[in-house]
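Subject: Structure handover

Dear colleague,

Please find the structure below. My notes on it follow.

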Amino acid sequence: GAESDYYSNLTPPYRCRNNSFETTEDLLLIKGVTQQIFGCLKDFITVRGEDKININWASKHVIQSLSEKMDPVLAQMIVDRRKIKPFGSVIELRDIPGMTDGIYQAIKKTITVSPTKRYYRVTSEGIADGQSSTTVAVLARNMKTENVDVILYKEL
């Protein structure tokens, strides 16, 4: 990718961080990522989590993206099934009509049904005295204590 010489010529200039993202909005700091591209991605990405997709919460499009062999019909069948009863284990996906062994093997290590924490991104925008400010917070719900912890708080 681009390095600091590219970013130092932007308005406002900034140094290439070469580190993990703190918020999903950090994607906008990458060369070539426009507001339009970010707008298409923002509902499907996170910078926090357990590195697995919760099959009980994922959208049809996210489920479909788990495997090249996952077609829209099968993804919709998964969504429809969980509306009746959420999946209690990953292996229950094998009971979905159309779920082949190949598709199941391809996705089983990338999905979960019960993460230990649930993450949320909250964006707050405000205007006072002609000044605007945007703040992003990443919150984690601790399933054991039922508390909500602030993982990150950043003014953009």
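Of the 156 residues of the protein, 28% count as buried, where buried means under 20% relative accessible area, exposed over 50%, and partly exposed in between (1.4 Å probe, protein chains only). This is a predicted model, in which local features need pLDDT of at least 70 and side-chain atom pairs count only at pLDDT 80 or more, while totals for chains, interfaces and linings use all residues. Residues are numbered from 1 along each chain as its sequence is written, and side-chain values use heavy atoms, with hydrogens and water left out.

Overall layout

The protein has 5 helices and 5 strands; helices (H or I, at least four residues) and strands (E, at least two) are DSSP runs, numbered from the N terminus. Along the sequence their pattern is α-α-β-α-α-α-β-β-β-β. The radius of gyration is 19 Å, well over the 15 Å that the globule rule gives for 156 residues, so the protein is more spread out than a compact globule. That radius is taken over C-alpha atoms, and the rule is 2.2 Å times the number of residues to the power 0.38. A box of roughly 55 × 40 × 25 Å, taken along the principal axes, holds the C-alpha atoms.

Helix α4

Helix α4 (residues 72-84) has 13 residues, which at 1.5 Å a residue should span 18 Å; its end C-alpha atoms are 19 Å apart, which agrees. The expected span is 1.5 Å times one less than the number of residues. Buried in α4 are L74, A75, I78, V79 and R82. Seen down the helix axis, these buried residues fall within an arc of 145°, so they line one face of α4; the arc is that of the directions from the axis to the C-beta atoms. The face turned away from that side carries the exposed residues V73, K83 and I84. Cover for the buried residues of α4 includes α3 (60-64) and α5 (101-107). At the start of α4, the backbone nitrogen of V73 has a side-chain oxygen of D71 within 3.1 Å.

Leaving aside neighbours within four places in sequence, I55 is in contact (heavy atoms within 4.5 Å) with I63, L66, I78, R82, F87, L93, I111, T112 and V113.

Regards

Terms used. A polar contact is a pair of N or O atoms within 3.5 Å; within protein, one must be able to donate a hydrogen and the other to accept it, and residues adjacent in sequence count only if both atoms are side-chain atoms.
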